[in-house]
Amino acid sequence: MPSLVATDLDGTLLHTDGTVTAYTREVLTQLDARGVPVVFVTGRPIRWMDALWEHVGGHGLAICSNGGIVYDVARHEVRTALTIEPDVCLEVGRILRRRIPGTTFALEKTGGFALSEDFRPLGVVSPDIPRGPLAEIVDGTVVKLLARHDEMAPDAFWHLVEEHVGALVTTTWSSAGALVEMSAKGVTKASTLGRLATELGVDAGEVVAFGDMPNDIDMLLWAGTSYAMENAHPSVRRVASHVAPPNDRDGVAVTLAGLFALER
């Protein structure tokens, strides 16, 4: 049996409406009782996580911002932050504005969110969120630099961003739109999960991982046992060793119940 479970959240553990079912909560509770750590590995920033803890368990560790942060759930504090150097953020911004006109930016930080003056959020954001030129909003706490284009197709934009700045940062994407997520060079869900597993005395071969989007690929390739959700992006299904039922049918929980012979 696996010694550690690593699971993405959106499109994977969570239903499409963002909820966690009673059955999934029960499976996670049974694993906790057996002493099997479950690490939530997500592209979400910390600020999008608070409402989930009561559903997925207020203990253990979470990897947020695509590996940029390790968060101690019980203590509600950042345990590790792998930030992007301010000079690198600014250089990436200069290159992408020049090579891909129309690119706008947002910053995920250890303590919040900031937007370039021309970034148009898809939803309602607080008027208190800082806005301005990158040079004014970048600092040493940036864990994820977001680049968006309102007119390009997602795949095309991602490949162009990777072509132009892939030597400076690690690029990936997990949304339906043309939004590229950039972490410090070498920082991925897999790299941070690997360091955490080492701390816990767990080898990659003892880990089972679940995901659905391209930002999960490195993690699925690293883990000894990997599952793409049935609803996963085609690129994810190509690299995973197994396919789990879709997220809206509790695919992670159903698979874990089978792997660990849990009671239903």
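**Entry 1: the largest pocket**

Strand β9 gives the largest share, three residues. Helices and strands here are DSSP runs numbered from the N terminus, with at least four residues (H or I) for a helix and at least two (E) for a strand.

Before going on, I note where this comes from: it is a predicted model, in which local features need pLDDT of at least 70 and side-chain atom pairs count only at pLDDT 80 or more, while totals for chains, interfaces and linings use all residues. Residues are numbered from 1 along each chain as its sequence is written, and side-chain values use heavy atoms, with hydrogens and water left out.

Back to the pocket. Its space comes to about 750 Å³. It is lined by 34 residues, and Trp48, Leu122, Leu146, Ser175 and Leu179 are the closest to its centre. For the record, a pocket is an open set of points on a 1 Å grid over the protein atoms alone where a 1.4 Å probe fits, with protein on both sides within 12 Å along at least five of seven lines; lining residues have an atom within 4 Å of a point. The volume is the space filled by probe spheres set on the points, which are joined across faces, edges and corners.

I sorted the lining by class and got 14 nonpolar, nine polar and 11 charged residues. In that scheme Ala, Val, Leu, Ile, Met, Phe, Trp, Tyr, Cys and Pro are nonpolar, Asp, Glu, Lys and Arg are charged, and the others, Gly among them, are polar.

**Entry 2: the second largest pocket**

This one holds about 190 Å³ of space. I found 14 lining residues, with Thr171, Thr172, Pro214, Asn215 and Asp218 nearest the centre. Helix α6 (154-165), strand β10 and helix α8 (217-222) each give two or more residues to the lining, and β10 gives the most, with three. By class I have four nonpolar, seven polar and three charged residues.

**Entry 3: the sheet**

Next I traced an open sheet of six strands, in the order β8-β7-β6-β9-β11-β10, with mixed pairing. Two strands pair if DSSP finds at least two bridges between them. The edges are β8 (131-132) and β10 (169-172), each pairing on one side only. Helix α4 (residues 86-99) packs on the sheet and touches β6, β7, β9 (142-148), β10 and β11 (179-184); its direction makes about 5° with that of β9. Contact means heavy atoms within 4.5 Å, and the angle, on a scale from 0 to 180 degrees, is between N-to-C directions of lines fitted to C-alpha atoms, for helices over the stretch in contact.

**Entry 4: strand β6**

Which residues of β6 are buried on each side? I found Thr104, Ala106 and Glu108 buried on one side, and Phe105, Leu107 and Lys109 on the other. Six of the six residues are buried, so β6 is largely enclosed by the rest of the structure. Buried means under 20% relative accessible area, exposed means over 50%, and partly exposed is in between (1.4 Å probe, protein chains only).

I then checked the partners. β6 and β9 pair in the antiparallel sense over six bridges, with Ala106 opposite Leu146 in β9. β6 (residues 104-109) and β7 (residues 112-116) are also antiparallel, over four bridges, and they form a hairpin with two residues between them. On the β7 side, Glu108 has Phe113 as its bridge partner, and Lys109 has Gly112.

**Entry 5: around α10**

In α10, I have Gly251, Val252, Ala253, Thr255, Leu256 and Ala257 as buried. The buried residues pack against β1 (4-7), α1 (9-13), α2, β12 (207-211), β13 (225-229) and β14. Just after the helix, Ala261 takes a positive phi of about 50°.

Thr24 sits in α2 (residues 22-33) and is buried at 2% relative accessibility. Setting aside residues up to four places away in sequence, Thr24 touches Leu13, Asp250 and Ala253. Thr24 and Ala257 are 233 residues apart in sequence, and 9.6 Å apart in space, C-alpha to C-alpha.

My last stop is Asn247, in the loop between β14 (242-244) and α10 (251-259). Asn247 is buried, with a relative accessible area of 5%.
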